[in-house]
Amino acid sequence: MEIFFGAFTSEWEQRRAALLHELSLGPKRRSSSEDEMKRRLKAMAALGGGGGAGGGGGSQPKMRRTAAKSIFAAETRAAADASRPIEARLAAVAQGSQPAVVKMASYGAGARVGAMLNYVSRGGELAVENDNGERISSREDLARLRGDWNHLFQNRAESRDIGSFTVEIATAAVSSDEAMHELVRNSLTSAFGDRRYAYAVTRQADGALTVQGAVVLRSGQGERLTGDHKAASIIQARYDASAAAQDVAARFSFQGYGNGVEYGASKLRSLVERHDGNVRDDRGQVIGDEELAGDLVQKEWRGDLHSRKGRDVMHLIMSARAGTNVEAFENAARDFLAEQFAGHRYVFAMHDPANDPKEEGEGGKRPHVHAHAIITMRSESGDRIETTPQVFREWRATMAEKARAHGIAMEMTDRREFASSPAFARNQVRPVSSEGRTEHVGTSEAAQGRYDAKRGGRRSLAKAERSREYAIKATQSWQKIALASGDRRVVAYAEQQRDHLTASLSAGQAEASVNVVHADFGSKFGANLVTLQKAVLEGPEMRETTRAEFEAYEKKVETALFRLERSVGPDERHDFDEVASVAREHVNGRRELMELYEMKGQAQAEQGTATERAESPERRDDANEQWHAAVAKHGEAVVEAANDVLMDIETSREGLDRIEAGELSNDPRVFRADIERGLARAAELAVQGNTYMREVAEKDLDLNRAIEAAEQSQERPAEEQGKTPANVDAVTEQQRDPRPEEAERRPDEPAEQAHELASTVDATNRLQDKLNRDKEAAQRGGETTRTNPAQQHIARLEELEREELERRERDRDDRDR
């Protein structure tokens, strides 16, 4: 098929089409195609890394670049960290450089893009700039953006987590408030089942009760209600069928539903406010204030929600101190977005206090300059943005680099370098004032403490061992800066930070002596390391596996390594390299073992098919004659069982011979172990009564020695060792109807003989079942080479049965004498 590359308008589409065309030419061009692809991706990575600094004015359009940065991100970011040592960053901060601030405001599904764009553009009053450098100022163009981005959205609907309900309960005679609440909870539980809920009751003049509340829409069994009239009819039917409906009538309805903890906490706080704290939950506990309402949803209901929200776009905020040059910061933000999110669609807008149309009382005209960006989570090539602590660190480093390129003194900082308190999350606080800097209130006591610590500048040090090691390194850096600098202000600042870190380390050491549990909840490193360990050590079932199963296992390990690499910091790089080396070494060992067993299986298959094709018809006839002769002498089940074990032994011997001849480079110990196991199984069959195996052992010295060793291990009497076992076919027939044997057995028959006979019967029965399955498969495939005709087989069984009965008669006569 001929490819017309001019039909593609984008450069990445042309390159992808060219690559697919080369791959379609066959395996001969595969290696050169891969080399060319690597060369091109390296060139694109260099282009993406160097193009950011050249961004100029905001009115000049930019060409969209491909998302090749992610492939070489680790190398590029490692080089950036190495070029900006910690002493240089901290010295710049001591001299007055501001920290780089890049934070995630929220995620949103495709349906919320319009609302998010409306917020960023202040209702269309501010112009936004897209990834091509084009300025969009009209509301019509903003409305068209969602359609342009729609192919990048999953359009996954948000889950309906919490519903608002109303219940009208008919006139009920209750003696007290507690009895009233007991009646209400009984009615709600009969309808909602095990779902969590909270409610408030209003008593009407005629004695009827009006109940308003919020309920978790997902049950413990996983059933999720829709929170609409359809769900109300389902709940109504369940209540009408319950025992509670026989005492009092009730009518259920839903007024709305929402997604997530924030929606539920808002609804419950509103319910508490309307009913002056007279709200109770499904367990009868009183929810007297808004703080308890938030705690109920945050701490108890959160795990029951199983909330799901689409993440098609993210809202990113980049900010700088008040007084920062607005034009320079806008250029820096433009370059940062162009480099970090190449291949993604995005728009951004500057919120400058001088030009912000939103009034200060409404949350506008903030004193600091900042930029809002709405970015698609998926790029044009299908890559999704990852948001881990390490990724945010890289974003801050890139933002600081672009700001310095435009004359803004800015550095990437780490809270461990200043012993700063951890940041609070959006779901831990709620805004109460938007004038100037937004003021918040914590949704719980712990969240309020975290908020107060952060806003009050309280010193705190992360308790993970890696964080402590990093803090020690930062302390040493501050000490070096204090000794090397000649500026008194820089020296005072460095000594102050050094003392803060020293005090925090001492306090942390004292706490660690009491509590020895260490965890770093701000990083996914530990979780990813556990995932990798589980993936690599996948249990003994990997000993014999197919190639497809091994490839899935190998892919699982590589995925775990990739995720672990994304979560490690610069100080952990050496440890990660060692872990990755050991993991891949383990996988390579599993690969060699899989290939050995694969080769063994191929050899076994070839012995039954390729050998017959290669041999002459005369030799095949001779082999068939030998087979029929052995079956006639020993029985088909006996020969089949022995032949399976002997084939395994012969295959392993051939593999060992090929290794000794230099044809294979595998470990000979594997084949020797297989031979030893095969000889042990063969000796066990011979001892259990397989006469064909004993016949083969007369010509195989190794097999003969294995049988002798097996007999000696059983420590049987000499006369029993030389005794010829019973024919297996007859014993099998005996197993099918053991009652005559039990009736004829004398009470003084030795228990050892009965145990030996039972073992032989059990082994032979398994062999006979295998033979029956093989015969059925052969009959379905039309193969009759190794099976007797049905009539001959029945006659042979009858003959063997007569021989076995005669033998038992002779043994009984000998015992009587």
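This is a predicted model: local features need pLDDT of at least 70, side-chain atom pairs count only at pLDDT 80 or more; totals for chains, interfaces and linings use all residues.
Let me start with R224, which counts as partly exposed because its relative accessibility is 28%, where partly exposed lies between buried, under 20% relative accessible area, and exposed, over 50%, with a 1.4 Å probe and protein chains only. Residues are numbered from 1 along each chain as its sequence is written, and side-chain values use heavy atoms, with hydrogens and water left out.

R224 forms a salt bridge with D161, with the closest N and O atoms 3.0 Å apart; by salt bridge I mean a side-chain nitrogen of Lys or Arg within 4 Å of a carboxyl oxygen of Asp or Glu. R224 sits in the loop between β7 (209-216) and α8 (229-240) and D161 in the loop between α6 (139-149) and β5 (162-169), so the pair ties together parts that are 63 residues apart in sequence. The helices (H or I, at least four residues) and strands (E, at least two) are DSSP runs, numbered from the N terminus. D161, for its part, counts as buried because its relative accessibility is 0%.

The structure holds 31 salt bridges, and another of them joins the side chains of R653 and D700, at 3.0 Å from N to O. This pair also links distant parts of the chain, with R653 in helix α21 (residues 636-660) and D700 in the loop between α23 (691-697) and α24 (701-714), 47 residues apart.

D674 is buried, at 9% relative accessible area, while R677 is partly exposed, at 37%. There is also a network of salt bridges linking E129, R135, E330 and R334.

Turning to the nonpolar cores, meaning sets of buried Ala, Val, Leu, Ile, Met, Phe, Trp, Tyr and Cys residues joined through side-chain atoms within 4.5 Å, the largest has 33 residues, of which M318, F329, F341 and W395 touch the most other members. Helix α11 gives the largest share of this core, 7 residues. Leaving aside neighbours within four places in sequence, F329 is in contact (heavy atoms within 4.5 Å) with residues including M318, M350, M399 and I408. A second, separate core of 28 residues includes I649, L679, L685 and A686.
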